[in-house]
Amino acid sequence: MKTINYEGKRYNVPEGWHEVTVEHYQQIHGKTGTALIAGLIGISEDVLSRMPLSLIKDQLNPLIAFIQTEKLD
């Protein structure tokens with residue numbers, strides 16, 4: 001897991017499905033878009049929507065790219 005900081009809070013961001021517990025997966029299963037990303041990192045959709053694009057593009061996106069590229073076994 002990597003950590004990103006935003007608005008004085010630290011958020012743990014998984015770098016692969018191997019870092020997502022079964023319980024966590026069950027909580028986010030079926031979600032899409034911002035709801036999926038927010039659920040994955042434990043942040044509200046409102047806070048996620050306020051994040052600067054540069055933070056999302058440069059720090060968050062590279063970490064969660066596994067959502068689209070890794071096969072969930």
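**Aromatic cluster, core and loops**

Reply: In this predicted model, ring pairs join W17, Y25 and F66 into a cluster.

Me: How many aromatic pairs does a search of the whole structure find, and what is the angle between the planes of W17 and Y25?
Reply: The search of the whole structure gives two aromatic pairs. In the pair of W17 and Y25 the ring centres are 5.9 Å apart and the geometry is edge-to-face, a label that applies to planes over 60 degrees apart. For W17 and Y25 the angle between the planes is 80°.

Me: Is W17 buried or exposed, and what is the relative accessible area of Y25?
Reply: Buried means under 20% relative accessible area, and W17 has 14%, so W17 is buried. Y25 lies above that cut-off and counts as partly exposed, because its relative accessible area is 27%.

Me: Which residue forms an aromatic pair with W17 at 5.1 Å centre to centre, and in which helix does that residue lie?
Reply: The partner of W17 at 5.1 Å is F66, in an edge-to-face pair with 90° between the planes, and both residues are buried. The pair links distant parts of the chain, 49 residues apart, with W17 in the loop between strand 2 and helix 1 (22-28) and F66 in helix 5 (residues 66-69). The residue is therefore F66, which is buried, and its helix is helix 5.

Me: How many residues does the largest nonpolar core have?
Reply: The residues with the most contacts inside the largest nonpolar core are I4, V13, I43, M51 and L60. Strand 1 (2-6), strand 2 (9-13), helix 2 (33-41), helix 3 (45-50) and helix 4 (53-64) each supply at least two residues of this core. Leaving out residues up to four places away in sequence, I4 touches K9, R10, Y11, V13, M51, Q59, L60 and L63. The number of residues in the core is 20.

Me: Within what arc do the buried residues of helix 4 fall?
Reply: The buried residues in helix 4 are L55, L60, L63 and I64. Seen down the helix axis, these buried residues line one face of helix 4, because the arc they fall within is 80°. L53, K57, D58 and P62 are exposed on the other side of helix 4, while the cover over its buried residues includes strand 1, strand 2, helix 2, helix 3 and helix 5.

Me: How far does the backbone oxygen of G39 lie from a polar atom of the side chain of H24?
Reply: H24 is placed in helix 1. Not counting residues up to four places away in sequence, H24 touches G39 and L40. Between the backbone oxygen of G39 and a polar atom of the H24 side chain, the distance is 2.8 Å.

Me: What is the phi of E7?
Reply: Most residues other than glycine have a negative phi. E7 sits in the loop between strand 1 and strand 2, and at 47% relative accessibility it counts as partly exposed. Although E7 is not a glycine, its phi is positive, at about 50°.

Me: How far apart in space are P52 and A65, C-alpha to C-alpha?
Reply: P52 belongs to the loop between helix 3 and helix 4, and it counts as partly exposed because its relative accessibility is 39%. P52 and A65 are 13 residues apart in sequence, and their C-alpha to C-alpha distance in space is 18 Å.

How values were computed. Residues numbered from 1 in each chain as written. Predicted model: local features only at pLDDT ≥ 70, side-chain atom pairs only at ≥ 80, totals over all residues. Heavy atoms only, no water. Core = buried A, V, L, I, M, F, W, Y, C linked by side-chain atoms within 4.5 Å. Buried < 20%, exposed > 50% of the residue type's maximum accessible area, 1.4 Å probe, protein only. Helix = DSSP H or I, 4+ residues; strand = E, 2+ residues; numbered from the N terminus. Contact = heavy atoms within 4.5 Å. Phe/Tyr/Trp six-rings, centres within 6.5 Å; stacked < 30°, edge-to-face > 60°. Arc of directions from axis to C-beta. Polar contact = N/O pair within 3.5 Å; in protein donor to acceptor, adjacent residues only side chain to side chain.
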